[in-house]
Amino acid sequence: KMAAAAGGAGAAAALWSEVNRCGQNGDFARALKSVNKILQISKDDVTALQCKVVCLIQNGNFKEALGVINTHTKVLTSDIIAFEKAYCEYRLNRIENALKTIQSASQQTDKLKELYGQVLYRLERYDDCLAAYRDLIRNSQDEYEEERKTNLSAVVAAQSTWEKVMPEDLGLREATYELCYNSACALIGQGKLNEAMKKLQKAEELCRQSLSEDSDVTEEDIEAELAIIHGQMAYIMQLQGRTEDALQLYNQIIKLKPTDVGLLAVIANNIITINKDQNVFDSKKKVKMTNAEGVEHKLSKKQLQAIEFNKALLAMYTNQADQCRKLSASLQSQSPEHLLPVLIQAAQLCREKQHAKAVGLLQDFADQHPANAAEIKLTMAQLKIAQGSVTKACMILRSIEELQHKPGMVSALVTMYSHEEDIDSAIEVFTQAIQWYQQFQARTNYGCYVFQPKSPVHLSLIREAANFKLKHGRKKEAISDLEELWKQNPKDVHTLAQLISAYSLVDPEKAKVLSKHLPSSDTMSLKVDVDALENSHGATYVRKKAGKLTGDNQQKEQGQGDVKKKKKKKKGKLPKNYDPKVTPDPERWLPMRERSYYRGRKKGKKKDQVGKGTQGSTTAGSSELDASRTASSPPTSPRPGSAAAVSATSNVIPPRHQKPAGAPATKKKQQQKKKKGAKGGW
């Protein structure tokens with residue numbers, strides 16, 4: 001037995017040497033085999049069990065490693081194996097369990113603190129996470145300081161993006177592309193898109209420089225690493241309205257086939273939002289990318305929620321009513337107070353022409369969640385307007401107490417009541433808004449009311465109310481508003497003029513009294529710079545500036561000042577067939593019917609003359625039977641080429657009324673071409 005024990009101890013020592021050598025070389029698969037042999041010799045060896053767990057973690061077998069820890073809880077106590085257990089739970093996306101394991105550890109080592117920060121980030125507890133990383137940076141001095149600063153900047157970027165918290169200046173030197181990228185994300189959260197784009201361009205440059213130093217890194221590897229930076233650039237373009245550029249960059253990233261399923265899901269979702277209700281076939285393909293395995297562990301809760309919202313909207317656009325209702329109902333159960341699921345359901349009901357049911361659904365939600373009632377009621381009013389129930393829409397809008405006094409709401413209500421010719425209700429809207437401002441005009445100061453001057457919005461509402469009342473013949477009511485305005489600013493001539501105009505129709509004597517307050521004509525004279533007015537943009541007449549004249553030139557200009565410039569006469573255009581040898585027809589300015597040689601139209605002559613043969617030909621003796629060609633009758637238009645032969649006669653038709661030579665021949669050729677073409681066509 002002693003010999004066997006000695007042999008076992010020697011074998012164990014050799015195995016431990018093998019484990020140590022493989023661990024230093026990074027060959028954890030071979031080390032695991034040696035550890036298993038040691039455990040066959042001593043199954044409860046704590047060191048061997050710890051080594052087995054580490055080897056399994058290094059090989060990516062987190063589930064098996066966690067199984068070993070849970071099986072040997074008596075040997076592997078929490079103070080021994082707390083970090084390894086929490087890390088396995090973290091990598092298996094059991095984040096809540098990992099948090100409990102870390103918090104239950106008896107001693108908080110630096111490794112546990114690092115993991116604690118990662119867990120808090122995944123749980124989106126950004127304030128606690130920020131405090132944890134600050135503590136780590138303050139109390140740690142090793143080669144991982146740059147990574148901790150990167151994680152700290154990521155937390156600040158997440159706060160700015162998802163919680164809309166103004167990020168504080170951490171004073172970090174943006175020497176790496178990761179820090180530049182996180183800084184750009186923080187700027188996007190603040191809405192500083194141009195600055196964010198510059199940061200991303202700097203991050204791209206730093207990334208290329210950093211990776212190009214490694215000879216083993218290919219251009220494809222660099223493009224894959226830049227994919228997330230380019231994706232954020234495309235997102236900025238989309239926010240800026242440059243959808244075509246954004247879409248092009250998104251598609252370029254997809255062609256690279258990156259391994260990050262979270263990045264692909266975000267890009268696919270953003271393309272769906274660009275497509276909207278168009279190109280739904282492409283959107284359906286992109287939805288599959290958002291359903292990839294592991295996406296839910298890569299994105300934040302708000303990102304996942306946005307993707308689900310877009311799935312429901314896409315189902316509505318593709319007329320998948322049941323799918324739309326199912327998705328929106330699921331979203332509502334997850335976030336009962338969220339507005340979008342209810343709006344999607346209402347939109348789907350409207351597409352099905354169930355407007356009354358949609359309004360009822362919105363009303364129920366408004367009753368259950370008063371905090372979101374304003375937005376819901378605005379949607380309800382829009383639906384009522386679409387149905388033509390303008391008065392009911394006005395009633396819904398007036399029930400939104402926090403918006404009653406807003407100028408935009410007042411303007412909308414007055415416009416709608418005017419459309420319905422309900423002037424009394426429109427004036428009531430003005431009155432309620434003005435009273436609201438009067439009620440809150442007094443500010444408390446140590447228990448005392450201090451009345452402040454009327455705000456510009458208050459005065460603007462009074463003026464609009466007065467103008468509205470004057471327009472609709474409510475002069476007496478308008479007068480009180482105008483008097484209030486004039487009281488606030490006695491130097492306002494425009495208001496005084498309106499007040500006098502209103503009184504002139506109601507109380508002329510009062511109008512005369514008030515007219516004495518108008519300024520005199522001398523004080524009202526306008527100082528107008530005529531030259532500046534003439535030279536201004538849009539002036540219909542601009543006076544030419546006279547150049548400075550000196551000596552003889554000035555005298556010469558004065559001497560010629562009275563001489564009018566002669567206008568050059570343009571040469572008249574002559575007809576194309578003008579012949580200078582032919583005397584123009586003195587009656588050429590008269591209409592054809594009023595000329596002495598006009599004999600009227602020859603009706604029914606050609607009908608009898610048309611015979612057989614080619615189209616338009618006449619019989620051989622047709623010219624002899626034409627009475628118009630006798631010597632006593634004036635000639636008609638000469639035949640082509642005969643103008644010179646008849647130029648001596650007094651009744652020649654002038655060139656103005658001649659047809660150009662060769663016209664009949666051209667027409668005949670065209671007819672022949674048409675006839676030839678018709679033959680082939682038929």
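**A helix pair, then the rest**

Helix α19 passes α20 in a right-handed crossing. Right-handed means that the near helix is turned clockwise from the far one by less than a right angle. Helices here are DSSP runs of H or I with at least four residues, strands are E runs of at least two, and both are numbered from the N terminus.

Before I go on, the ground rules. This is a predicted model, where local features need pLDDT of at least 70 and side-chain atom pairs count only at pLDDT 80 or more, while totals for chains, interfaces and linings use all residues. Numbering runs from 1 along each chain as its sequence is written, and side-chain values use heavy atoms, with hydrogens and water left out.

Back to the pair. α19 covers residues 340–351 and α20 covers 355–368. Their axes come within 8 Å and cross at roughly 165°. That makes the two roughly antiparallel, a label for angles over 145 degrees. Axes are lines fitted to C-alpha atoms over the stretch in contact, with angles from 0 to 180 degrees between N-to-C directions.

Who meets whom? From α19, the list includes Val 342, Leu 343 and Leu 349. From α20, it includes Leu 361, Leu 362 and Phe 365. Contact means heavy atoms within 4.5 Å.

Now the whole chain. It has 32 helices and two strands. Of its 682 residues, 32% count as buried. Buried is under 20% relative accessible area, exposed is over 50%, and partly exposed is in between, with a 1.4 Å probe and protein chains only. Among contacts between residues at least 6 apart in sequence, 47% join residues at least 24 apart.

Next, backbone angles. Most residues other than glycine have a negative phi. Asn 279 has a phi near 50°. It sits in the loop between α14 and α15, partly exposed at 48%. Glu 421 has a phi of about 60°. Its loop lies between α23 and α24, and Glu 421 is exposed at 70%.

Last stop: is Ser 425 buried or exposed? Ser 425 is in helix α24 and is buried, at 14%. Setting aside residues up to four places away in sequence, Ser 425 touches Arg 398 and Tyr 417.

Definitions and conventions. Parallel < 35°, antiparallel > 145°, perpendicular 65-115°, else oblique.
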